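This report describes the fold, the helix packing and the ligand surroundings of one protein model. Please keep the sequence and the structure in view while reading.

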Amino acid sequence: MTDQAFLVDVDVLRTEVQKHYAEVAETPDGEFHFHTGRRAAEQVGYDPALFEGLADAAVEAFAGVANPFAWGVPRAGERVVDIGSGSGVDSVIAARAVGSAGSVVGVDMTAPMLERARNLAASLGLDNVEFREGLAEKLPVPDGWADLVISNGVLNLVPDKVGAYREVFRVLRPGGRIQIADVCVDRDVPESAKRDIDLWTG
Ligand SMILES: C[S@@+](CC[C@H](N)C(=O)[O-])C[C@H]1O[C@@H](n2cnc3c(N)ncnc32)[C@H](O)[C@@H]1O
């Protein structure tokens with residue numbers, strides 16, 4: 001992590017983000033400022049074939065903002081890290097693509113999301129994907145392990161973006177790839193907005 005000063009209290013923000021996404025994991029059909037589930041994935045451009053064999057209930061807590069597979073799915077045999085893996089849908093899509101010679105690690109900090117993700121992988125009998133509790137800013141993955149890092153809708157929730165990207169480059173092997181879907185702004189964000197935790201989470 002960097003020693004950069006942030007305009008929000010990072011621990012308070014994390015707690016609020018965890019509360020918010022625990023609610024998404026536990027009541028995915030609740031009222032949120034984003035769509036969830038299969039319909040949301042199709043709206044942001046996922047090929048419906050990627051969801052083949054996945055029950056609606058198993059993917060109802062998907063909360064991605066765009067499609068990290070727009071650049072293609074991982075290749076057979078690759079090692080993939082999914083940062084902020086949430087309910088595990090992207091990790092499972094990646095695990096099916098890399099096959100038994102590959103392997104996927106999903107990392108998330110919200111316990112009910114990790115539980116959902118582990119249940120999803122178990123229900124599909126996938127043993128080439130595992131979900132680790134951890135932070136985007138301190139990935140529980142060794143240096144140079146990954147061929148590909150994916151993420152969907154997560155880094156916008158992280159104040160230390162430079163620190164998080166340092167982690168992406170630390171875990172990637174030389175020549176590895178990044179496929180990140182996220183929310184970006186193309187103008188300066190006022191300090192008052194950066195201090196407003198409700199705007200980070202909502
Ligand atoms: C918008 S959801 C997206 C989940 C998943 N990628 C998907 O597409 O459904 C954001 C996820 O990022 C996780 N998250 C947010 N900040 C994080 C951080 N600093 N470290 C690890 N996970 C984080 C949350 O717990 C939540 O599961």
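## The parallel sheet

β1 and β4 run parallel and are joined by four bridges. Within this pair, Ile83 has Ser151 of β4 as its bridge partner. The model is a predicted one. The two strands belong to an open sheet of five, ordered β3-β2-β1-β4-β5, with parallel pairing. The edges are taken by β3 and β5 (172-181); each has a single partner strand, so one side of each has no neighbour in the sheet. On average, neighbouring strands are turned by 20 degrees against each other, direction ignored.

The other pairings can be listed strand by strand. β1 pairs with β2 in the parallel sense over five bridges, and Val80 has Val104 of β2 as its bridge partner. β2 and β3 are also parallel and are joined by five bridges. Here the partner of Val107 is Arg132 in β3. The chain goes from β2 to β3 by way of α4, and this β-α-β crossover is right-handed.

## Strands β4 and β5

How many of the seven residues of β4 are buried? The number is six, so β4 is largely enclosed by the rest of the structure. β4 is joined to β5 by six bridges, and the two strands run parallel. In this pairing Ile150 stands opposite Gln179 of β5. Together with α5, the two strands make a right-handed β-α-β unit.

Ile180 lies in β5. This residue counts as partly exposed because it has 17 C-beta neighbours inside 10 Å, where 20 or more would be needed for a buried residue. Leaving aside residues up to four places away in sequence, Ile180 touches Pro68, Ile150, Ser151 and Leu155. Of these contacts, Pro68 is 112 residues away from Ile180 in sequence, yet the C-alpha atoms of the two are 5.5 Å apart. Ser151, also touched by Ile180, is the bridge partner of Ile83.

## Helix α3 against the sheet

Helix α3 covers residues 89-98, and nine of its ten residues are buried. The buried ones are Val89, Asp90, Ser91, Val92, Ile93, Ala94, Ala95, Arg96 and Val98. What do these residues pack against? Their partners are the strands β1 (79-83), β2 (103-108), β3 (129-133) and β4 (146-152), together with helix α4 (111-123). After α3 comes Gly99, which has a positive phi, near 70 degrees.

The pairing of β1 with β2 extends over five bridges. α3 packs on the sheet that holds this pair, with contacts to β1, β2, β3 and β4, and its direction makes about 170 degrees with that of β2. Helix α5 (residues 161-171) packs on the sheet too, touching β1, β4 and β5, and its direction makes about 135 degrees with that of β5.

## Ser103 in β2

Ser103 is part of strand β2. Is Ser103 buried or exposed? It counts as buried because 21 C-beta neighbours lie inside 10 Å, and the cut-off for a buried residue is 20 or more. Residues up to four places away in sequence aside, Ser103 touches Arg79, Val98 and Asn128. Val98 is one of the buried residues of α3. Ser103 and Val80 are 23 residues apart in sequence, and their C-alpha atoms are 6.4 Å apart.

## The α1 and α4 contact

Helices α1 and α4 pack at an angle of about 35 degrees, and their axes are 7 Å apart. On the α1 side the contact is made by Tyr21, Ala22, Ala25 and Glu26, and on the α4 side by Pro112, Met113 and Arg116. By class, this contact has five nonpolar residues, two charged residues and no polar ones.

## Around the ligand

The ligand is surrounded by 23 residues, of which the closest are Gly64, Gly84, Gly86, Thr110 and Gly153. Which elements give two or more residues to this shell? They are α1 (10-26) and α3. Sorted by class, the shell has twelve nonpolar, eight polar and three charged residues.

Methods:
Residues numbered from 1 in each chain as written. Predicted model: local features only at pLDDT ≥ 70, side-chain atom pairs only at ≥ 80, totals over all residues. Buried ≥ 20, exposed ≤ 12 C-beta atoms within 10 Å, placed from the backbone. Contact = placed C-beta atoms within 7 Å. Near = placed C-beta within 6 Å. Nonpolar A, V, L, I, M, F, W, Y, C, P; charged D, E, K, R; others polar. Pairing = 2+ DSSP bridges. Axes fitted to C-alpha atoms, helices over the stretch in contact; angles between N-to-C directions. Right-handed = clockwise from strand over helix to strand, strands pointing away.
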